[in-house]
Amino acid sequence: MKRTMMSLAGVAVALAAVTGVAAVAAPGGGSQDTAGSGTRLPVQRSALLCPAPTSSEVGETAYTAFAPKGAAAGAGTKKGSAQLVPAATVKDAGSDDRGSGKGKGKKDGKGGRAGDQAGAAGSGGLTVPPRDTKPVLPLQEAGKPVTTTTDRADAPALVGAADGTLAPGWTVQQTSAVAAGSGRGLLGLSCTTPDTTFWFPGVSTDTDRRDYVHLTNPDATPAVVDLELHGKDGSLGGSAGEDITVPPHATVPVLLSTLTTTPTTNASLHVVAREGRVGAAVQASDAKLGSDWLPAAADPSPSAVLPGIPKDATSVRLVAIAPGESDADLKVQLATPTGLITPAGLETLHVKSGMTTAVDLKDVTKGEAGSLVLTPADGGSKAPVAAALRVTRGKGAAQEMAFIPATRPVDKRATVADNRDKGSTLSLVAPEKGKDAKVKVTASAGSGGGTPVTKTYTVKGGTALDVDPPRPQGLKGTYALTVEPEADSGPVYAARMLARPQGGLPAFTVQPMPDDRGSVLVPTAGQDLSVLTD
């Protein structure tokens, strides 16, 4: 090992290289976090990936892009740009049936296995068609959303980037309404940032479910991905999920039931990019409960917060996995408007190492706003867990499901787009007793016009709050919501529910609102910036 001194500029360059997404502005426009801690600067570049929305002939998808105002620009920060372009979709030349489930995989010329729309690639060989590079959703200014819609059954995945003044907090929402079929309902997703690892508790390979993981590569070199499924007894085994090649600027949908011979109702999926990076999201369709996107859960941690359970939820299922070497014993609590309560008969939950545990919480909210809070039953335990909820509204044949994964807290700011005049509910939770959360919520200008409106909310520590969010004055079109904790706020988590009934179906979707990581902390020039390198 050798000790190497790095300059402030070197730290910034290293940070950009490590993240692959965030580059920082030069000093001059940032803010000091705390004495001696460094300068907080806005990112200069960010990337987002939107999976192919739906293959339904009776579906329509709305895309909304937005970048919040107010990011302090560093010296030399350029005027920003943000746009998406279509990705190529990898298909098996022998079959284009997304639901066939045929094929066990074929090695490509580099030894990788590429998935297709039927699961793993079949014997017909891989086809990577030319992609259209016409920009989609170009964003020219912060503070005002832009929108577009498509009803194409073959609508592609989208890849893109924002830079300059539009990079901090850039977000894109895709919302699909499907009128009929097994995929019917409302599917919503905040488009994802690329990474190298993702956890998806709550997937299923059962016969009633068709779950596809969509892997999208934003870069100019191939990515190689492994998919690992874990059930109640541990790994579901098999090598079908190994060495999946995702070509440059392309997307690969993989049907999870083709990766195992064991139908499993409650499972967890681990996505690992061994080479390159990808965006990942799971599209889940249930024969009786409709469909929605399952976003990745927050990185495994000893504690987890799952915000935004609808007050009229008729069924709630918790799915958790302990990916570390130790079992996890969790205290399960529901944050309500009046405090933290323990669901009847569920004081603690034991999660074995490497195994998936599921428990039905039934109608746990009982007509009140609620968010689930998981903490170690033994306060000193460090065993990490990843968790998600499957939430159902409605009864009988008119039921609809959505997913709520554990999410990161809102540290500085979180944003969600595609809010309409009606149908949005903002959920806020302050999970720690004695630490009240104070947040500023801003409704942006509308995509077609309107004046921004800001309101401030206080959430008592240990409680949850559901509100009808503020709306822009004179709203035309859609708008974005931005949540910003005040300087003296306690920890706060947020989610947004969209409810858009389809006839008698209570169609809905929930998007967690993690911190947008629109800024990074760069050490000051006076600090010891020495690092150890090989």
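Trainee: Is F198 buried or exposed?

Mentor: Good place to start, and keep in mind that this model is predicted. The relative accessible area of F198 comes to 9%. Buried means under 20%, so with 9% the residue F198 is buried.

Trainee: How are the rings of F198 and F200 arranged: stacked, tilted or edge-to-face?

Mentor: A pair of aromatic rings is described by the distance of the centres and the angle of the planes. Here the centres of the F198 and F200 rings are 6.4 Å apart, and a pair needs them within 6.5 Å. The planes meet at 20°, and under 30 degrees counts as stacked. So the pair of F198 and F200 is stacked.

Trainee: Which residue lies over the face of F508?

Mentor: Look at the ring centre of F508 and go 5.1 Å from there. A charge over a ring has to be within 6 Å of the ring centre. The residue over the face of F508 is R393.

Trainee: Which element gives the most to the lining of the largest pocket?

Mentor: The largest pocket holds about 1400 Å³ of space, and 50 residues line it. Several elements each supply at least two residues of that lining, among them α1 (8–19), β17 (197–203) and β4 (45–50). With four residues, the one that gives the most is β4.

Methods. Residues numbered from 1 in each chain as written. Predicted model: local features only at pLDDT ≥ 70, side-chain atom pairs only at ≥ 80, totals over all residues. Heavy atoms only, no water. Phe/Tyr/Trp six-rings, centres within 6.5 Å; stacked < 30°, edge-to-face > 60°. Buried < 20%, exposed > 50% of the residue type's maximum accessible area, 1.4 Å probe, protein only. Lys NZ or Arg CZ within 6 Å of the ring centre and 35° of its normal. 1 Å grid on protein atoms, 1.4 Å probe; cavity = no way out; pocket = protein on both sides within 12 Å on 5 of 7 lines; lining within 4 Å. Points joined across faces, edges and corners; volume = space filled by probe spheres on them.
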